[in-house]
There are 2 protein chains.
Amino acid sequence: MQNRTEATAALDKIVGEKNISTAPEDLISLSYDGTPLLEQMPFCTISPQSGEEICAIVRLANELNFSIVPRGSGTGLSGGSVPAADCVVLQMQHWDKIIEIDEENMTATVEPGVITQDLHTAVEKAGLFYPPDPGSMKICTIGGNVAENSGGLRGLKYGVTSDYVMGIEAVLPDGRWVSLGNKCVKNVSGINLKDLFIGSEGILGIFTQILLKLIPKPQDQKTMLAFFDAIEDAGETVSAIIAAKIIPCTLEFLDQTTMRCVEDFTHIGLPQDAEALLLIEVDGDASITEREAQQIIETCKKYNAHEVKFAKSKEEAERLKTARRSAFTALARLKPTTILEDATVPRDKVAAMLRKIQEIARKYDLTFGTFGHAGDGNLHPTCLTDERDKGEMKRVEEAFEEIFNAALAMGGTITGEHGIGLAKKNFLAKSELPANLQLMQQIKRTLDPKNILNPGKVFDV
Amino acid sequence: MQNRTEATAALDKIVGEKNISTAPEDLISLSYDGTPLLEQMPFCTISPQSGEEICAIVRLANELNFSIVPRGSGTGLSGGSVPAADCVVLQMQHWDKIIEIDEENMTATVEPGVITQDLHTAVEKAGLFYPPDPGSMKICTIGGNVAENSGGLRGLKYGVTSDYVMGIEAVLPDGRWVSLGNKCVKNVSGINLKDLFIGSEGILGIFTQILLKLIPKPQDQKTMLAFFDAIEDAGETVSAIIAAKIIPCTLEFLDQTTMRCVEDFTHIGLPQDAEALLLIEVDGDASITEREAQQIIETCKKYNAHEVKFAKSKEEAERLKTARRSAFTALARLKPTTILEDATVPRDKVAAMLRKIQEIARKYDLTFGTFGHAGDGNLHPTCLTDERDKGEMKRVEEAFEEIFNAALAMGGTITGEHGIGLAKKNFLAKSELPANLQLMQQIKRTLDPKNILNPGKVFDV
């Protein structure tokens, strides 16, 4: 761009002095997100107060040729909200109003900056339920969840964010404003544009309002932890539970490295010698959860679980879930750099994929902790490393490439829930058919001919 | 187009003599679909035998400038598969292979011509379940269901076709071939193109393969019919059931006109004096369906149902469901022309919308039978008329316009599950924001610059 000063002055006119900053102390915390190894300073940050302001900002960007990176809480794990060169960060975290909870239609209308857990709390008070629960739910925003199509621990039974988005209001990269979908549970009025924006990682539009589907709150939960001496046994258990047509809401896996780190961190009494842990939760009507929990415990034992802990209270259930919820934090304490990935495979390939990750870790002499959503086939192989060690970082890169290739060879995907962002751009071209990628690029160019919105993310145009 | 003979000869070379016809007797049955008042002769029909042939056909169309209208069973209700001028009908009904039922991953891979009910039968044998059950399920195809994003009677609990499509292989309007999605239940690899094709009414691509999500088959069903003297009472019952956090799989409504026609047609013993009927089915574990059914019966009685029939056997349940399944056929016997619409409103507006339809019918002196998916807010006001009566047809048109406007004013949509096609093109522009419609048109132009695929449907470009 030609003139940052000109852009800043014009932006100041739109949002007002209070809502703009070019001070390094305000910009530094916006120069990175939850993804390691990536950072870039924006030249300015703005906090728009209305949809009209956002439209005006976007039109200005087209005119003066600067780029815009929308940002919620910045918890993304693929660099989707890391600033682009010569960009303005458009902060949306203060758009945090829950506009309506409509009990009759079971919907919630929210601003994009609402914290996911705040929404959980609000809707559960009304006996309703918003299932998506990404790991960062205490701080991440609904807007970010929609932009990344976030998953979580309850995906096996309840699906992901896209399964709950009924409507999106967004400002397009050329300053037009669209309102897609509504409270009708069936709606085929024209081609489906709404879903194009879900998981669009901030490259197609800036959300100003989101309409979410809610469901009745499940009445009861039963939570179990099972420990296995062999990963295969844990894998077989997952398959056997599903084969019995039981769909737990949560079916999570931790390997030995992760378990040991979690135990060091939390002291909740995880055995140090088990090779794998499954966290299993069923929910629904109490008469059924009781029966399903018994079936699951028997299945775990049949496949050689040497211990199954069964939570007798809500508090104990929360303690058991801590093992999984703290996995990332616990692993991150071991080494200076933690690279969390989310290679995903069809459910029946989970055991094979887990072995493959172990094999690759050995081959490249790296420390990996692997945990994840076993029921979804969505694994998080996490490399514990040190970015200052250039030799090791080279091996890390090669190891991840091999992991992604293995996932693809098993009919999987390079990302189940974290998105492409900057971190996996290079892999997208390898994993998608050329025509798929071309079509994505064509659509981006159609919506954003000047490439001003979150440029360089997902793919280049 | 310049030369039909040239196009026909070139197509003959691609698909072979056996798979092409220009004979009027072959074309006449392809000149219309399930929508009244619309027809157009194609100049040729072809039955491609492979994806390569489809790619070649599409490239040829771009070169010689003829248009292509893909077609399954032609049961559509908005004219989506009615031929365009100067078009070739691309028949896909013979692509009827169920390629795989993957029990471990709970998926089905099918060709687009598979009949919906054949898929139901096949997956249920494996203890699995494919919920979407459009009214025409005995003859319609999965490809058509995906193209229209079809609903059905089980939408309230289980959603619509789009909730079950995990992957689509399609030939684009320029002859490229894309493969979108896979067996991973979580997949955010690039922007979401798959859902753009669901409900695209044949204007964006020709499906060659579809990957569907399955769920465990519910173990038990309980089916009830309740009769009410006032529409408001039926409406209140619907709201009260949902408010009690019971989500029936089916919650269907029939008004008096429809009920009388159904009784004349089926003689299943429906009372002639009731003003409204609700067909309610709960499914799932037997312990819960039993309890929920009791709660529902009590709720119906509380809101003045004068009779509730409870099916004691599978056969009786089927008989009760016949009342709803035969509604359209029964209504169609009364007058020469039956115009079935699907104005849809948020669930809490159902009673208001039903009254509005009655009011409009009286105002325009027309006979309407209204039935539909009350739990989804998806109503089918059906006008019984005679297309030869020009005066009445004018009133019919005005009445439907008023119905659509009323639905929109209540936060609804002009189509819940039938699509826009040709029949509602004029209303799309009125119901969508200009920017929404422009964006749809931009995307169509991006994918189909020469407008060869099902041109003139949904909107003009």
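**Entry 1: a helix and the four-stranded sheet**

I began with helix α3 of chain A, residues 51-64, and found that this helix lies across β2 (44-46), β3 and β4 of chain A, running at about 145 degrees to β3(A). I note at the outset that what I am reading is a predicted model.

Next I looked up the sheet to which these strands belong, and I found an open sheet of four strands in chain A, in the order β1-β2-β4-β3, with mixed pairing. At its edges I placed β1 (20-21) and β3 (67-71) of chain A, each of which has a single partner strand, so one side of each is left without a neighbour in the sheet. I then followed β3(A) to its partner, strand β4 of chain A (residues 87-91), and saw that the two pair in the parallel sense over five bridges. As one example of a bridge, I wrote down Arg71(A), whose partner in β4(A) is Gln91(A).

**Entry 2: the seven-stranded sheet**

I turned to another open sheet of chain A, which has seven strands in the order β15-β12-β14-β13-β17-β18-β16 and antiparallel pairing. Here β15 (305-310) and β16 (337-340) of chain A stand at the edges with a single partner strand each, so each has one side left without a neighbour in the sheet. I also recorded the twist, which averages 15 degrees from one strand to the next.

Within this sheet I checked strand β13 (residues 250-255) and strand β17 (residues 367-373) of chain A, which pair in the antiparallel sense over two bridges; Leu254(A) has Phe371(A) as its bridge partner in β17(A).

I then asked which strands helix α13 of chain A lies across. Helix α13 (residues 350-363) lies across β13, β17 and β18 (378-385) of chain A, and its direction is at about 15 degrees to β18(A). Helix α14 of chain A (residues 390-409) also packs on the sheet, where it touches β16, β17 and β18 of chain A, and its direction makes about 170 degrees with that of β18(A).

**Entry 3: where chain A meets chain B**

Finally I looked at the two chains together, and I found 81 residues of chain A in contact with 81 residues of chain B. The area buried between chain A and chain B comes to about 6200 Å², with 60% of it given by carbon and sulfur atoms. On the chain A side, Lys186(A), Val188(A) and Ile191(A) lose the most area to chain B, together 14% of what that side buries.

I counted six salt bridges between chain A and chain B, and I noted that the side chains of Asp376(A) and Lys186(B) meet in a salt bridge at 3.0 Å, N to O. There are also 38 residue pairs in polar contact between chain A and chain B. Several elements of chain A each supply at least two residues to the side that touches chain B, among them β9 (177-180), α8 (231-243) and α10 (286-302). The largest share of that side, nine residues, comes from α16(A). By class, I recorded 35 nonpolar, 31 polar and 15 charged residues on the side of chain A that touches chain B.

Conventions: Residues numbered from 1 in each chain as written. Chains lettered and ligands numbered in written order. Predicted model: local features only at pLDDT ≥ 70, side-chain atom pairs only at ≥ 80, totals over all residues. Heavy atoms only, no water. Contact = heavy atoms within 4.5 Å. Buried area = accessible area lost by both parts, 1.4 Å probe. Salt bridge = Lys/Arg side-chain N within 4 Å of Asp/Glu carboxyl O. Polar contact = N/O pair within 3.5 Å; in protein donor to acceptor, adjacent residues only side chain to side chain. Nonpolar A, V, L, I, M, F, W, Y, C, P; charged D, E, K, R; others polar. Pairing = 2+ DSSP bridges. Axes fitted to C-alpha atoms, helices over the stretch in contact; angles between N-to-C directions.
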